[in-house]
Amino acid sequence: MDVLVTPTPRLQGELQALSSKNYTTRYLLVAALAEGTSTIYYPAHSEDSDAMRRCIRDLGAVIEEDEEKITITGFGANPRDVKELDVGNAGAVLRFLMAIAALAPDVTFINRYPDSLGKRPHDDLIDALGQIGVDVQHNAGKLPITIHGGAAKGGKIQVSGNVSSQFLSALLFLTPLLQEDSEIEVLHDLKSKVVVGQTLEVLEQAGIVIEASEDLMRYRVKGGQKYAAKEYIVQGDYPGSAAVLAAAAVTQSDVKLHRLMENSKQGERAIVDVLRMMEVPLTHDNGVVHVQGNGKLKALEFDGDKATDAVLAMVAAAVFAEGTSRFYDVENLRFKECDRITDYLNELRKAGANVEERRSEIIVHGRPEGVEGGVDIIAHYDHRVIMALTVVGLRAKAPIRIHDAHHVAKSYPIFFDHMKALGANVEWVESK
């Protein structure tokens, strides 16, 4: 399905922020790795979190759900023997479970999205798993991937952090369950350190002890640990909320977003600071972000690696800022559902934005008067691209049509319902 975004001068209303996708997938996994029954309150419902639910069920977890919570009886360190797993288009779910599959005999991860996840590289994790005795069959580092497990041993592991922090997180979930102690060293650079902090936070809540160096580049992990069955409460999601807050910032608005903790470890919490730096009128108190936008924004410079999943929404806001904005250290955006630099900027140019790309930078020459619009946009199967282009459409002079906008369901299935509730003129239309 496509979405038609018609210029909308004003947004108003209050929303409950969606539950965090990142925390939900991690809580689902640690609950599955526990012996006993865990409860997760307010879990996210999205294609990614549903993929984790589906896969841990296939691996032997017993799951019961109602409106507010999900209870999971885990399989501990002994997943069921399953021949195939379908992670959909969920990169983090794939990488976390590639590591956990080392505890099972033979598991093949199928390739259902050859034009998206199927193009993403996983060599760094494959190399790291090989160091602990896991044999992996793969297609030049890409799906389909078969893990021949059952022989994993702890020890010294080196893993590159250049492409994604998800490879490190995957090893951090696995190594406590191995019999031997492990030492993990991150090579090169580590992208998205803030997200590794979320992984360590969840592991600690699950009763796992890991010694991490201050710079998060070295780890000592005792073997033979057990995940504890616990209760978890999922906090509100900053990455998805970033697009809603950006939409409020570029319009005349009076918008309140609830359930966004001020002290959250989500790096995308920086969207609030970024909008403040852009001189957007807002307050953030008691978990409520209140934006009273006047459509006027100032340009800024920002280290995008601190808030990877909010960068596209920040760029959308910067399209209408006065001056030139620069988002740097964002090269890992090239290895997401699409190349979120080249592909996204090509679509922004179609809509009339003045943007430039470097290998690891996005430069935006703001157009406070708005952009032309009146074009068809390709979503590139990417939920973040869809949400960010919606923000741009609100300030275009003519409607934009986003093709295949249903892929927003990967993280935020009710995004367009929420936008409509705030008064945005968006409507689903049949694909051409």
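**View 1. Polar contacts link domain 1 and domain 2.** Between domain 1 and domain 2 there are 12 residue pairs in polar contact, counting pairs with both residues at pLDDT 80 or more. On the side of domain 1 that touches domain 2, the residues divide into 10 charged, 7 polar and 5 nonpolar. The model shown here, and in the views that follow, is predicted.

**View 2. The protein chain is assigned two domains, domain 1 and domain 2.** Domain 1 takes in residues 2-18 together with 236-429. Domain 2 covers residues 21-233. The centres of the two domains, taken over C-alpha atoms, lie 30 Å apart.

**View 3. Domain 1 and domain 2 bury area against each other.** Contact involves 22 residues of domain 1 and 23 residues of domain 2. The buried area between the domains is about 2,000 Å², and carbon and sulfur atoms give 47% of it. On the domain 1 side, Lys265, Phe335 and Lys410 supply 31% of the area that this domain buries against domain 2, more than any other three residues.

**View 4. A salt bridge joins Asp48 and Lys410.** How many salt bridges cross the interface of domain 1 and domain 2? The count is 2. In the salt bridge between the side chains of Asp48 and Lys410, the N to O distance is 2.8 Å. Lys410 also belongs to the three residues named in the view of the buried area.

**View 5. Cys55 and Cys338 are buried cysteines.** Are these residues buried or exposed? Cys55 counts as buried because its relative accessibility is 0%, under the 20% cut-off. Cys338, with a relative accessible area of 8%, is buried because this value is also under 20%. A disulfide is a covalent bond between the sulfur atoms of two cysteines. The model has 0 disulfides by the distance rule, which looks for cysteine sulfur atoms within 2.5 Å.

Notes
Residues numbered from 1 in each chain as written. Predicted model: local features only at pLDDT ≥ 70, side-chain atom pairs only at ≥ 80, totals over all residues. Heavy atoms only, no water. Buried < 20%, exposed > 50% of the residue type's maximum accessible area, 1.4 Å probe, protein only. Domains from an automatic or database assignment. Contact = heavy atoms within 4.5 Å. Buried area = accessible area lost by both parts, 1.4 Å probe. Salt bridge = Lys/Arg side-chain N within 4 Å of Asp/Glu carboxyl O. Polar contact = N/O pair within 3.5 Å; in protein donor to acceptor, adjacent residues only side chain to side chain. Nonpolar A, V, L, I, M, F, W, Y, C, P; charged D, E, K, R; others polar.
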